[in-house]
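Biologist: Could you take me through how to read a few features of this model, giving the general idea before the particular case?

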Amino acid sequence: MNGCCTLRLATAVMLGFYLVPTAPHAAGPAVAELTAEQIAFDLAAGKYTVETLTRAYLDRIARHEARLNAMTILNPAAVDDARAIDRRIAAGERVGLLAGIPVVVKESIDVAGLASTLGWKRLNATDGGIALVAGEDATVVRRLRDAGAIILGKTNMPAFAGDDTRADSSWAGPSYNAVDPDIAPGASSAGTATAVAASFAVMGLAEETGGSIQNPAAAQSLVGVKPSFALVPNSGVAPIASSTRDVVGVHAKTVYDAAMLLQTIAGYSLDDPKTVAAIGRVPTEGYIAALSPGALRGKRIGLYGPGWRRTPLSDETLELYGRAVTELSAQGAVIVRDPFAGSDFAEIATLHLGIADLRGAETAIFDLDAYFARFPEDAPIHSFKDLVAKTGEDPFGPGGPLNILSPMLPRGSNGEALRPDITEFLAARERYLRVFDRTMAQYSLDGMVFPQMLEEPPRMKGNGRHQATTVGEINVAGLPAVIVPAGAYRSGAPFSLIFVGPIWSESLLLSMAYAYELQGHHRILPRLTE
């Protein structure tokens, strides 16, 4: 199903928040590549129950998890939660936008009653570490529950999210790319991407400080949404830089599903004061309503070039990008080549140890203190100082997963967190936004569209890193982005585009990505056959 009629019908079904079932069929559904849009139709038609659907996804996880290692823990209440939604549907009660939709949640995001390990062996109680169990849901998880989603479990990530390419440092071991296990899965939201790509769930929560939503989405041929900073609450999410850069976002198989999930988690929360900036920025009618097959017609699109970043694209990336630009033009987009040429945008970046622009991560210990303070009174850890004392290891120390950040972090003589100086970060954000907004206005641009990667994604073996085109720039600036599949390299590795726009432009970016997705159908299906 696709096109305008399907979109309007699905929107009417889901935005009404009511599902009227008929007698369900006995057989469980085939869940591979099943979308939230389709599930809404199927539940309304009584083709299966939420319990049957949930069990089908759990069965799929049982069949394939050993090969992919996407999950860290399953939710023992998932089937009970599904039954509860079935009872509400049967009673004709009002249910949420994601009623009955199975989702997964990145390990760094708290789920009440489940362990919060941050991917770190010292917090893995099953192997001698300290048990740190969340006493309450992260705000975004609470919003999932309120919308009727079924949380299947939590997904793997590198220790303290300290890798943008692989999850090898996780206590659970590496996650594998569902499209091709020989390709690095992208990180740090590796497990969420793998779980969604492999149809262990319909969609999932990811999180980004420096590429952790966009890299896994691109590497596994998924749709990803990296929201504007402060659009989505990240209270209850283990931080690297929650005061400056961290965002909770989306992995899904389709733009429509991604819009549904973003619609559920976005907006102001008392739990996270910075989200006051999002008041009035979330479309009243939601992100789904803006999706249109003709959304690219007349849109002015800027292209990648040395004005944005001086690093060139590989020959094959350039070839694939050229084809994608032709597709954009065929849908009526007006192409503007390298609109940042002549600006000083490319000069703003600062690489630390030649790897990444880490400005904003000065808040890491300060933010971790606030995160640990949320845990119940009887929890073993309530501050970063407690973490080091109880585990006997400093994650920012020599050999630690975040040692690269150590020189940036202010600490007291007893190791306690000190208020960080983010003057340099603020100056960089203001400069990025000033140049970005000026360029968008100068050329009347609606958005930028780049290859998400400079070159083919690296292999699983070896030390190659995912070379993104946009990580430092949009993370320091706080800009939103939507990633969408756009084909494949000759090796079979996924190739993706990233749509970038001004702060709060998620609705327009999703609509343009939706139009491109409908015409291109470029998603690469995993090799899992059952």
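Modeller: Strand 10 and strand 11 form a hairpin with five residues between them, and in its turn Gly492 has a positive phi of about 100°; strands here are DSSP runs of E with at least two residues, helices runs of H or I with at least four, both numbered from the N terminus. The model is predicted, so that local features need pLDDT of at least 70 and side-chain atom pairs pLDDT 80 or more, while totals for chains, interfaces and linings use all residues. Residues are numbered from 1 along each chain as its sequence is written, and side-chain values use heavy atoms, without hydrogens and water.

Biologist: How many bridges join strand 10 to strand 11?

Modeller: Two strands pair if DSSP finds at least two bridges between them; here seven bridges join strand 10 (residues 481-488) to strand 11, and the two run antiparallel, with Ala488 opposite Pro494. Strand 9 (residues 447-451) also pairs with strand 11 in the antiparallel sense, over four bridges, and Phe450 has Ile498 as its bridge partner there.

Biologist: Is strand 11 buried or exposed?

Modeller: Buried means under 20% relative accessible area, exposed over 50%, and partly exposed in between, with a 1.4 Å probe and protein chains only. Seven of the seven residues of strand 11 (residues 494-500) are buried, so this strand is largely enclosed by the rest of the structure. Pro494, Ser496, Ile498 and Val500 point one way, whereas Phe495, Leu497 and Phe499 point the other way.
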